[in-house]
Amino acid sequence: MIDSIIQFVLDTIEYLGYFGIFILMAIESSILPLPSEIVMIPAGYLAFQGKMNMVLAIMAGTFGSLAGALCNYYIAIKLGRIFVTKYGKYFFMKESSLEKTEKFFNRHGEISTFIGRLIPVVRHYISLPAGLARMSLARFCIFTLLGAGIWVSILSFFGYYLGVTFGDSSALNIEEIANAFGKGQKDSMQLGIKQDMRIIGIYTLLGVFIVGCVYVIWWKFFRKKDSKDV
């Protein structure tokens with residue numbers, strides 16, 4: 001199954017180019033299980049080979065992520081409250097939880113949307129509570145673009161880095177890179193690529209943690225103080 005998905009991704013990028021990246025990242029940004037690694041890392045490698053422009057690839061991936069996030073956002077706005085009202089009790093969800101979600105996103109929607117785009121799994125679902133809380137569309141778009149842009153850039157430049165590292169070695173190609181994130185048996189090169197990506201993921205999460213801590217300190221000691229003064 002995963003091999004078929006990888007081949008579908010590679011074929012889409014090959015035949016549709018930047019528009020293919022846009023579509024694939026829109027799918028990835030929804031709740032469907034399409035890893036962004038098998039889209040943007042090969043795109044970065046193709047940029048190294050001169051077959052794509054890095055800036056255009058990053059823009060296609062970033063705006064594709066926004067498109068997918070907006071789909072989830074509007075689904076949550078249109079159907080989320082109805083779902084919770086009718087079926088929430090079967091999933092241990094109460095209408096009161098909607099009020100808490102709204103209050104939370106009114107206060108912390110920007111930072112939640114931003115860092116949510118940088119956290120595995122969370123990036124697929126962060127748009128849903130934002131929609132449920134009816135977060136401002138403009139704020140949602142801005143902070144989705146910021147978070148998605150950083151993540152897409154990280155993956156793209158990692159793909160470019162692989163090209164610089166291995167040069168024109170025939171041992172590395174776009175299929176080798178994509179298959180490093182599949183479930184089949186991997187060679188040493190693919191294992192190395194996956195290990196490097198884990199390290200990048202750890203540093204990204206560390207950055208998210210630092211940003212979160214700074215925000216909490218700012219909110220607790222400065223934003224609250226400003227609110228009291230008003």
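The following conversation goes through a predicted protein model, from its overall make-up to single residues.

Visitor: What should I know about the model and its numbering?
Guide: This is a predicted model, where local features need pLDDT of at least 70, side-chain atom pairs count only at pLDDT 80 or more, and totals for chains, interfaces and linings use all residues. Residues are numbered from 1 along each chain as its sequence is written, and side-chain values use heavy atoms, with hydrogens and water left out.

Visitor: How many helices and strands does the protein have?
Guide: The protein has nine helices and zero strands.

Visitor: What percentage of the residues count as buried?
Guide: Of the 230 residues, 44% count as buried. Buried means under 20% relative accessible area, exposed means over 50%, and partly exposed lies in between, with a 1.4 Å probe and protein chains only.

Visitor: And the accessible surface, what does it come to?
Guide: The accessible surface comes to about 12800 Å², and 67% of it belongs to carbon and sulfur atoms. The areas come from the Shrake-Rupley method with a 1.4 Å probe; for residues, only the protein chains shown count as cover.

Visitor: On to contacts. What share is between residues 24 or more positions apart?
Guide: Such residues account for 74% of the contacts with a separation of 6 or more. A contact means heavy atoms within 4.5 Å.

Visitor: Is Ser65 buried or exposed?
Guide: Ser65, in helix H3 (residues 54–87), is buried, with a relative accessible area of 2%.

Visitor: What does Ser65 touch?
Guide: Leaving aside residues up to four places away in sequence, Ser65 touches Met25, Ala26, Glu28, Ser29, Arg117, Ala148 and Val152.

Visitor: How many residues of H2 are buried?
Guide: In helix H2 (residues 37–48), 11 of the 12 residues are buried. Among them are Glu37, Pro42, Gly44 and Tyr45.

Visitor: What follows H2?
Guide: Gly50 follows H2, and its phi is positive, near 85 degrees.

Visitor: What span should H7 have?
Guide: At 1.5 Å a residue, the 30 residues of H7 (residues 137–166) should span 44 Å, and the end C-alpha atoms are 43 Å apart, which agrees. The expected span is 1.5 Å times one less than the number of residues. Gly167 follows H7 with a positive phi, near 60 degrees.

Visitor: Which side chains meet in a salt bridge?
Guide: Glu110 and Arg139 do, at 2.7 Å from N to O. Glu110 lies in helix H4 (residues 95–116) and Arg139 in helix H7, so the pair ties together parts that are 29 residues apart in sequence. A salt bridge is a side-chain nitrogen of Lys or Arg within 4 Å of a carboxyl oxygen of Asp or Glu, and the count comes to one.

Visitor: Are those two residues buried or partly exposed?
Guide: Glu110 is partly exposed, with a relative accessible area of 21%, and Arg139 is partly exposed at 23%.

Visitor: How many aromatic pairs are there?
Guide: The structure holds 10 aromatic pairs, and ring pairs link Tyr45, Phe48 and Tyr160 into a cluster. Rings of Phe, Tyr and Trp (its six-membered ring) pair if their centres lie within 6.5 Å; planes under 30 degrees apart count as stacked, over 60 as edge-to-face and the rest as tilted.

Terms used. Helix = DSSP H or I, 4+ residues; strand = E, 2+ residues; numbered from the N terminus.
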